[in-house]
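Q: Please take a close look at one part of this model and describe it in a single connected account. I would like the architecture, then whatever packs against it, then the spaces around it.

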Amino acid sequence: MLWRLYFEVYDFLVHFIPVRKWRDNIRRKELYDYRKKIRALRAALPRNEFRHVRVIKGGWNIGFIVNNKYVCKIRKYYDKDIPIEKIMREKRITDAFGPIVPICIPKIDIIESCGYTFYKYNFVPGKNLNRMSLRTITKNGWRLGHQLAEFINAMHNADPSELADLKNGDGDGWNHNDICNNIIVDPRTMNIVGLIDWEYSGWGMLETEFHNCTAFSKKMQESGIGTAIQLEYHVMQKQKSKRK
């Protein structure tokens, strides 16, 4: 809710800048054309579903959580001339891995409205693990580590044929590449209920995936969950080898 207040107040203040060119430049570079994008969503969604909206931002995207029902994301600096293949990339990857991995991946739909293309997926109720206390993460580190190891095992060792054209550069499997910031947990059970934000996903090295599980959070690093993930993963590989 705070991000929406920030954008609303900032946009209101920009209104008083006397030169239109300056106003437009600030709204594009600092506010990511927030006002135009939210109007485009309002035009695309049923009016009765657009009552309560929260704004989130991170990475390449700005997002709108609508009625705690679904999330609509779009590039901060949206360019309508970007090839549709680039816009569809995240959808292709999540569609391919949704049936494969043991953690829920929200299914992405595409909304086109007023010259904009949005990603839309169902809102995952829960709490971002990275926003929980260090004590909570540490206490549940091995439980969570096991679940994440199962996810990495399933994803990294799968090779969907429909994604063959996206296998660029060196790598030995598929990675999410930003697990650290995007783990959604049920705080009552401490089970992982979703893994979101797949814009950085791609073909890469296993060690990179392990690294990125904790790389962007000092709290996650101090919790020891990274060690739990790697040890659980290697146990799974040993068990797999014995069954062969």
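A: What follows starts with a sheet, moves to its helices and ends with the spaces around them.

The model is predicted, so local features need pLDDT of at least 70 and side-chain atom pairs pLDDT 80 or more, while totals for chains, interfaces and linings use all residues. Residues are numbered from 1 along each chain as its sequence is written, and side-chain values use heavy atoms, without hydrogens and water.

Start with the open sheet of five strands. Its order is β1-β2-β3-β5-β4, with antiparallel pairing. Strands here are DSSP runs of E with at least two residues, helices are runs of H or I with at least four, and both are numbered from the N terminus. Two strands count as paired when DSSP finds at least two bridges between them. The edges belong to β1 and β4; each has a single partner strand, so one side of each lacks a neighbour in the sheet. From one strand to the next, the twist averages 30°. Angles run from 0 to 180 degrees between N-to-C directions, and axes are lines fitted to C-alpha atoms, for helices over the stretch in contact.

Now the pairings. β3 and β5 are joined in the antiparallel sense by four bridges. Val71 has Tyr121 in β5 as its bridge partner. Strand β4 (residues 109-113) and strand β5 (residues 116-122) are antiparallel and share five bridges. Ile111 faces Phe118 of β5 across that pairing. The two strands make a hairpin with two residues between them, and Cys114 in the turn has a positive phi of about 55°.

Which strands does α3 lie across? α3 lies across β1, β2, β3, β4 and β5. Its direction is at about 65° to β5. α1 lies across β1 and β2, at about 90° to β1. The two helices also pack on each other, at about 120° and with axes 10 Å apart. Arg4, Phe7, Glu8 and Asp11 of α1 meet Tyr34, Arg35, Ile38 and Arg42 of α3; contact means heavy atoms within 4.5 Å. By class, this contact has three nonpolar, no polar and five charged residues. Ala, Val, Leu, Ile, Met, Phe, Trp, Tyr, Cys and Pro count as nonpolar, Asp, Glu, Lys and Arg as charged, and the others, Gly among them, as polar.

The whole structure holds 16 aromatic pairs, and Trp3 with Phe7 is a tilted one, at 6.0 Å centre to centre and 35° between the planes. Rings of Phe, Tyr and Trp (its six-membered ring) pair if their centres lie within 6.5 Å; planes under 30 degrees apart are stacked, over 60 edge-to-face, and the rest tilted. About one helical turn separates Trp3 and Phe7, because they are four residues apart in α1.

Next, the spaces. A pocket is an open set of points on a 1 Å grid over the protein atoms alone, with protein on both sides within 12 Å along at least five of seven lines; a cavity is a set where a 1.4 Å probe fits but cannot get out; lining residues have an atom within 4 Å of a point. Points are joined across faces, edges and corners, and volume is the space filled by probe spheres set on them.

The largest pocket has about 760 Å³ of space. Of its 31 lining residues, Ile56, Asn128, Arg131, Ile196 and Asp197 are closest to its centre. β1 gives the largest share of the lining, five residues. α1 (2-14), β1 (53-58), β2 (61-66), β3 (70-75) and β6 each supply at least two. The lining has 14 nonpolar, nine polar and eight charged residues.

The second largest pocket has a volume of about 220 Å³. Its lining includes Asp11, Tyr34 and Arg35. α2 (20-29) and α3 (34-44) each supply at least two residues, and α2 has the largest share, five.

One cavity of 30 Å³ or more is found in the whole structure.
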